[in-house]
Amino acid sequence: MSGKSFLKLFLTLALLVAVTAGGYFKLEEFSAAKVRESLDRHAELVRVDFERALLNPFDKSLHVWGLECRLASGAGCTVRKLEIESFDHEHNPPRFLRGRVHGVSVPVEFLNLGTLARDFRKMGYEKLDFDLFADYSYEDETKRLSVKSINFDGPDLCRVSAGFSLGDVSLRGPGIGGFVGTSMLDGSIVWQDMSFTKRLLAFSAESEGISPELYRGRLLESLQLNMQEARSLGNGYAENFYAELMKFIENPERLVVRVEPTEPVPLLYMFMGRSFEELLDLYGITVEANFYSRK
């Protein structure tokens, strides 16, 4: 290759790189403007500043970095990155969403947690750090809301993964009116404790002025009485709940809660004066503690 040919190829590549870089920066400017435009609509509720944003024009995914959020009440947090993989842009509220929030950090202070801030500080938390993930979809025809996954991952707190399906949900109207008459179809929650339950038990014991061992023993005795009462009443769901909760308190590791009613049950039943034990039976709630360690 001659010197002139090499120089021509080099200049061509440099031009392509410059055009690509310029297009990328223009896309970032456009993305930031679109994000600010969307955030300005809710400025009276929350103020959000961010470092940069990128809206993918092909799949319409959105990435926003370095967010600082401040509610009108004064509460606030920081977010390392917001990632929206898919989102319904045609309806309000959106019929589907899949997204992640990386590196949420909430300072443990009164403005954020109210009087609970004092308790969290006593448990050794100066801030609450966690990631979030959500994936849901809704079908207008069947009126079914499927929350495929809601994940909370707090390295010093807990990991929670939940999913559920609701029937008879109407998202055509504004507000929460569309959830009147909604029924629970099924669901599950997996709680993996990282340190929160252990710290909470220690804090509760200290608050009562007794040792953690004594506090845990009294708590287990109370759950044992509840389990025996449920057994005497023939409520197998409540008996299972208290028995498995005792195992979790003895060794706080993982707890699985499943909701499997024999037929769809209205959510409003939760607010109609039924006891906790009755609701366990009504919604078909079963619990299993530390299941992964079993042989």
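**Strand pairing**

Reader: Which residue in strand 6 is the bridge partner of Gly 99?

Author: In strand 6, Gly 99 has Ala 134 as its bridge partner. Strands (E, at least two residues) and helices (H or I, at least four) are DSSP runs, numbered from the N terminus. Two strands pair if DSSP finds at least two bridges between them. Here strand 5 (residues 96-107) and strand 6 (residues 127-139) pair in the antiparallel sense, over 10 bridges.

Reader: What kind of model is this?

Author: This is a predicted model, where local features need pLDDT of at least 70 and side-chain atom pairs count only at pLDDT 80 or more, while totals for chains, interfaces and linings use all residues. Residues are numbered from 1 along each chain as its sequence is written, and side-chain values use heavy atoms, with hydrogens and water left out.

Reader: Which residue in strand 7 is the bridge partner of Ala 134?

Author: Ile 150 is that partner in strand 7. Nine bridges join strand 6 to strand 7 (residues 144-153), and the two run antiparallel. They form a hairpin with four residues between them. In the turn, Lys 143 has a positive phi of about 55°.

Reader: How many helices and strands does the protein have?

Author: The protein has seven helices and 12 strands.

Reader: Is Ser 195 buried or exposed?

Author: Ser 195 counts as buried because its relative accessibility is 13%. Ser 195 lies in the loop between strand 9 and helix 4.

Reader: Which residues does Ser 195 touch?

Author: Contact means heavy atoms within 4.5 Å. Leaving out residues up to four places away in sequence, Ser 195 touches Tyr 125, Asp 156 and Leu 157.

Reader: How is a pocket found?

Author: A pocket is an open set of points where a 1.4 Å probe fits, with protein on both sides within 12 Å along at least five of seven lines. Lining residues have an atom within 4 Å of a point. Grid points are joined across faces, edges and corners, and the volume is the space filled by probe spheres set on the points.

Reader: What volume does the largest pocket have?

Author: The largest pocket has a volume of about 1200 Å³. Of the 33 residues that line it, Ser 38, Leu 39, Leu 62, Leu 82 and Phe 87 are the closest to its centre. Helix 1 gives the largest share of this lining, six residues.

Reader: How do the residues of that lining divide?

Author: The lining of the largest pocket has 21 nonpolar, seven polar and five charged residues. Ala, Val, Leu, Ile, Met, Phe, Trp, Tyr, Cys and Pro count as nonpolar, Asp, Glu, Lys and Arg as charged, and the others, Gly among them, as polar.

Reader: And how much space lies in the second largest pocket?

Author: About 350 Å³ lies there. Its lining has 16 residues, and the closest to its centre are Trp 191, Thr 197, Leu 245, Phe 248 and Leu 255. Helix 4 supplies the largest share, five residues. This lining divides into 14 nonpolar, two polar and no charged residues.

Terms used
1 Å grid on protein atoms, 1.4 Å probe; cavity = no way out; pocket = protein on both sides within 12 Å on 5 of 7 lines; lining within 4 Å. Buried < 20%, exposed > 50% of the residue type's maximum accessible area, 1.4 Å probe, protein only.
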